[in-house]
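Work through the exercises below with the model open beside you. Each task is followed by its solution.

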Amino acid sequence: MKTNSLSIVKSVGVLFVAALLGVILLGDRAAADDKSSATTSTTTAATTESSVKQKQTKGGSQLWSENCARCHNMRSPSAYSDAEWDVVMHHMRIRAQLTGEEHKAILEFLK
(Lines give C-alpha, C1' and ligand atoms only; values in the text may rest on other atoms or scores of the structure.)
Protein backbone atom coordinates (compact mmCIF):
# COMPACT_ATOMS: atom_id res chain seq x y z
CA MET A 1 0.00 0.00 0.00
CA LYS A 2 2.80 2.43 0.84
CA THR A 3 4.49 1.72 -2.47
CA ASN A 4 1.30 2.57 -4.37
CA SER A 5 0.87 5.80 -2.41
CA LEU A 6 4.46 6.80 -3.03
CA SER A 7 4.21 6.16 -6.76
CA ILE A 8 0.95 8.16 -6.94
CA VAL A 9 2.57 11.10 -5.14
CA LYS A 10 5.57 10.94 -7.50
CA SER A 11 3.28 10.81 -10.55
CA VAL A 12 1.24 13.76 -9.32
CA GLY A 13 4.45 15.68 -8.61
CA VAL A 14 5.83 14.97 -12.08
CA LEU A 15 2.54 16.04 -13.69
CA PHE A 16 2.49 19.21 -11.60
CA VAL A 17 6.05 20.13 -12.59
CA ALA A 18 5.30 19.39 -16.27
CA ALA A 19 2.17 21.55 -16.15
CA LEU A 20 4.05 24.35 -14.42
CA LEU A 21 6.82 24.29 -17.03
CA GLY A 22 4.23 24.30 -19.81
CA VAL A 23 2.54 27.38 -18.36
CA ILE A 24 5.86 29.17 -17.95
CA LEU A 25 7.07 28.33 -21.44
CA LEU A 26 3.78 29.15 -23.16
CA GLY A 27 3.47 32.35 -21.17
CA ASP A 28 6.87 33.55 -22.43
CA ARG A 29 5.97 32.58 -25.98
CA ALA A 30 2.64 34.45 -25.84
CA ALA A 31 4.38 37.56 -24.50
CA ALA A 32 6.97 37.35 -27.29
CA ASP A 33 4.21 36.91 -29.89
CA ASP A 34 2.35 39.93 -28.49
CA LYS A 35 5.49 42.06 -28.71
CA SER A 36 6.26 40.98 -32.28
CA SER A 37 2.68 41.53 -33.46
CA ALA A 38 2.63 44.98 -31.86
CA THR A 39 5.86 45.83 -33.66
CA THR A 40 4.46 44.53 -36.94
CA SER A 41 1.26 46.53 -36.52
CA THR A 42 3.20 49.70 -35.78
CA THR A 43 5.54 49.11 -38.72
CA THR A 44 2.64 48.36 -41.07
CA ALA A 45 0.74 51.46 -39.95
CA ALA A 46 3.82 53.64 -40.42
CA THR A 47 4.49 52.15 -43.86
CA THR A 48 0.88 52.64 -44.95
CA GLU A 49 0.85 56.23 -43.70
CA SER A 50 4.14 56.91 -45.46
CA SER A 51 2.91 55.47 -48.77
CA VAL A 52 -0.33 57.48 -48.55
CA LYS A 53 1.61 60.71 -47.98
CA GLN A 54 3.94 59.82 -50.85
CA LYS A 55 1.03 59.13 -53.22
CA GLN A 56 -0.64 62.42 -52.28
CA THR A 57 2.39 64.39 -53.44
CA LYS A 58 2.43 62.73 -56.87
CA GLY A 59 0.82 64.38 -59.85
CA GLY A 60 -2.07 62.97 -61.88
CA SER A 61 0.22 61.88 -64.71
CA GLN A 62 2.50 59.90 -62.43
CA LEU A 63 -0.41 58.35 -60.51
CA TRP A 64 -2.10 57.42 -63.81
CA SER A 65 1.01 55.72 -65.18
CA GLU A 66 1.77 53.88 -61.92
CA ASN A 67 -1.75 52.71 -61.08
CA CYS A 68 -3.39 52.15 -64.46
CA ALA A 69 -0.39 50.59 -66.23
CA ARG A 70 -0.39 47.71 -63.75
CA CYS A 71 -3.40 46.19 -65.52
CA HIS A 72 -4.02 48.16 -68.72
CA ASN A 73 -2.23 49.12 -71.90
CA MET A 74 -1.68 52.83 -71.66
CA ARG A 75 -4.10 54.88 -73.75
CA SER A 76 -3.83 58.47 -74.67
CA PRO A 77 -5.92 60.75 -72.46
CA SER A 78 -7.66 61.86 -75.67
CA ALA A 79 -8.86 58.28 -76.31
CA TYR A 80 -12.06 58.99 -74.35
CA SER A 81 -14.27 62.01 -73.82
CA ASP A 82 -14.43 63.74 -70.44
CA ALA A 83 -17.77 62.03 -69.72
CA GLU A 84 -16.32 58.63 -70.60
CA TRP A 85 -13.30 59.22 -68.32
CA ASP A 86 -15.74 60.14 -65.51
CA VAL A 87 -17.41 56.73 -65.84
CA VAL A 88 -14.13 54.82 -66.19
CA MET A 89 -12.54 56.56 -63.21
CA HIS A 90 -15.64 56.05 -61.06
CA HIS A 91 -15.34 52.29 -61.52
CA MET A 92 -11.58 52.17 -61.31
CA ARG A 93 -11.43 54.21 -58.11
CA ILE A 94 -13.16 51.33 -56.37
CA ARG A 95 -11.32 48.51 -58.14
CA ALA A 96 -7.86 50.07 -57.80
CA GLN A 97 -8.56 51.30 -54.25
CA LEU A 98 -7.61 54.87 -55.09
CA THR A 99 -8.01 57.60 -52.52
CA GLY A 100 -10.23 60.57 -53.27
CA GLU A 101 -7.18 62.77 -53.88
CA GLU A 102 -5.62 60.22 -56.25
CA HIS A 103 -8.90 59.84 -58.14
CA LYS A 104 -9.25 63.61 -58.52
CA ALA A 105 -5.64 64.10 -59.65
CA ILE A 106 -5.81 61.33 -62.26
CA LEU A 107 -9.17 62.53 -63.56
CA GLU A 108 -7.90 66.12 -63.88
CA PHE A 109 -4.90 64.83 -65.83
CA LEU A 110 -7.04 62.73 -68.17
CA LYS A 111 -9.50 65.56 -68.90
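Buried means under 20% relative accessible area, exposed over 50%, and partly exposed in between (1.4 Å probe, protein chains only). This is a predicted model: local features need pLDDT of at least 70, side-chain atom pairs count only at pLDDT 80 or more, and totals for chains, interfaces and linings use all residues. Residues are numbered from 1 along each chain as its sequence is written, and side-chain values use heavy atoms, with hydrogens and water left out.

**Exercise 1. State the fold pattern and the burial of the protein chain.**

Step 1. Assign the elements as DSSP runs, numbered from the N terminus: helices are H or I with at least four residues, strands are E with at least two. The protein chain has 4 helices and 0 strands. Its pattern along the sequence is α-α-α-α.

Step 2. Take the burial. Of 111 residues, 14% count as buried.

Step 3. Take the contacts (heavy atoms within 4.5 Å). Among those with a separation of 6 or more, 45% join residues 24 or more positions apart.

**Exercise 2. Find which residues of helix α2 are buried, and where they sit around its axis.**

Step 1. Helix α2 covers residues 60-68. Its buried residues are Gly60, Leu63, Trp64, Asn67 and Cys68.

Step 2. Look down the axis of α2, using the directions from the helix axis to the C-beta atoms. The buried residues fall within an arc of 100°, so they line one face of the helix.

Step 3. Recall the geometry. An α-helix has 3.6 residues a turn, so residues three or four places apart point the same way.

**Exercise 3. Decide how many disulfides there are, and check cysteine 68 and cysteine 71.**

Step 1. Apply the cut-off: a pair of cysteine sulfur atoms within 2.5 Å. The whole structure has 0 disulfides.

Step 2. Check the distance. Cysteine 68 is in no disulfide, and its nearest cysteine sulfur, that of cysteine 71, is 8.8 Å away. Cysteine 71 is likewise in no disulfide.

Step 3. Compare accessibility. Cysteine 68 counts as buried at 18%. Cysteine 71 is exposed at 69%.

**Exercise 4. Describe the largest pocket and its lining.**

Step 1. On a 1 Å grid over the protein atoms alone, a pocket is an open set of points where a 1.4 Å probe fits, with protein on both sides within 12 Å along at least five of seven lines; lining residues have an atom within 4 Å of a point.

Step 2. Read the volume, the space filled by probe spheres set on the points. The largest pocket holds about 420 Å³.

Step 3. List the lining. There are 18 lining residues, and Cys68, Cys71, His72, Val88 and Met92 lie nearest the centre.

Step 4. α2 and α3 (82-95) each supply at least two lining residues. The largest share, 5 residues, comes from α3.
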